[in-house]
Amino acid sequence: MKPEYVIIGGGVVGCAVAYGLLKNGHQVTVLDGGDSAHRASRGNFGLVWLSCKGLDAPHYAAWTRRSVSMWRELADELEQLTGDTINLEQNGGYDFHFSEAEMQARVTQYQYLRQALGTDHPFEVWDQARLRQEEPQIGPDVVGAIYGAEDGHVNPLKLLRAYTKAIKILGGKVITQANVEHIEQQADGRFCATLLDGSTVNSDKIVLAAGLGAAKLGPQLGLKASVKPQKGQVLITEKLPPVINRPSGIIRQVNEGGIQIGDSKEDAGLDDQDTMAVTAAIAERAIAVYPFLANTRLIRSWGALRIISPDGLPIYQQSSSHPGAYIVSCHSGITLAAAHSYLLPHWLENTADSPDLELFSEDRFELSEAR
Ligand SMILES: Cc1cc2nc3c(=O)[nH]c(=O)nc-3n(C[C@H](O)[C@H](O)[C@H](O)COP(=O)(O)OP(=O)(O)OC[C@H]3O[C@@H](n4cnc5c(N)ncnc54)[C@H](O)[C@@H]3O)c2cc1C
């Protein structure tokens, strides 16, 4: 009999892991907190993105590329199983630049990464004329872009819904309004999670995928779970006919036609309110890229909190004091969904196919603290 898992957190990270474990024959229960919880999976930008990832951390770039390369399979599989579409497009994407010097500095970073990886890590440098062939609407302030052939985007809300549906189809349980307050490991090694309403759920193994909620629960399992919030704000315009061919880190046209604009980064604690100042700043930058946006109506804006580790990279760690308890946390949970579904179950079960995630362990923070 394979170990039975409880996953704490029903965001995209918890659901991706749950889905993978179910496919590998485990029994899985996902416990997800209340509506008032911070939920990055419902407020993000929807990029399935390789470019810029791990420019100074080659192991992270390689992990991201593995995930991106499996994303088509994941999308096809979820769509087939659930009958829902999730609108994955992987036709490349742009990193826009407004000055030659800034673009050259970035290219140097990409070259360094390629050298460190010793692979053909994909990027092309496009000047303004080349970019205009693909994106005729580009404004005169954009000097060019670094083009990433493996970049893409998806509808993140449809992804989350498809995952939840798929988990149920595969026989897993998703329990909502299930706020875990306390977790302990019993003498027999099994875990007991106690919910806010006093009820308990038991399992052989437990995965903490609670986003920002991990910071409170992690220490109960001997895990540091040092994650912090970082606010990002996103805008969406009225629906337009297709006008932008490919996404970038800051602008994309979603499948329904709206132009989605990001991507701000603010240290604002747990405050996820959008503000006019940030709306204005990111709208101005978007107009500099695509001047036609100046005449487009904004429909909505929102703020959401990223989950950031001390060095910004994912955390994959089994507790040394509570074997069978794990933390899985990252700030690009959409991009990494395929790796989480297809590879993490092997890491959790330590099979022969387990990816080497040693460099993503929490121990790295101890080392950097000691320096
Ligand atoms: C503005 C913005 C833009 C982003 N853009 C992208 C992007 O383009 N591409 C990309 O790959 N990533 C992007 N991200 C990051 C991505 O959204 C996150 O990495 C991902 O959503 C994290 O998922 P999660 O499941 O870890 O966390 P969450 O989605 O926050 O889910 C955590 C879940 O845990 C539950 N929980 C918490 N505490 C408890 C508890 N005690 N008991 C039970 N349940 C609990 C909560 O209810 C919640 O549902 C973006 C994030 C933001 C904020």
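Okay, so for this talk a residue is near a molecule or strand if one of its heavy atoms lies within 4 Å of it. By that rule there are 38 residues around the ligand, and Asp32, Ser41, Leu47, Gly333 and Thr335 come nearest.

Quick housekeeping. This is a predicted model, where local features need pLDDT of at least 70 and side-chain atom pairs count only at pLDDT 80 or more, while totals for chains, interfaces and linings use all residues. Residues are numbered from 1 along each chain as its sequence is written, and side-chain values use heavy atoms, with hydrogens and water left out.

Now, the polar contacts. I'm using pairs of N or O atoms within 3.5 Å; within protein, one has to be able to donate a hydrogen and the other to accept it, and residues adjacent in sequence count only if both atoms are side-chain atoms. Serine 41 puts a side-chain N or O atom 2.5 Å from an oxygen of the ligand. From the backbone, threonine 335 has an N or O atom 2.8 Å from a ligand oxygen, and alanine 210 has one at 3.5 Å from a ligand oxygen.

How much of the ligand does the protein cover? It's 94% of the 1000 Å² of accessible area that the ligand has on its own, going by Shrake-Rupley with a 1.4 Å probe.

Which elements give two or more residues to that shell? They are helix H1 (12-23), strand S13 (228-239) and strand S16 (298-308), and S16 gives the largest share, four residues. Those are DSSP runs numbered from the N terminus, H or I of at least four residues for helices and E of at least two for strands.

Last stop, asparagine 44, in the loop between strand S2 (28-31) and strand S3 (47-48). Its side chain reaches the backbone nitrogen of glycine 46 at 2.9 Å and the backbone oxygen of alanine 40 at 3.3 Å. Beyond its neighbours within four places in sequence, asparagine 44 is in contact with Pro156, Gln260, Trp302 and Ile334, where contact means heavy atoms within 4.5 Å.
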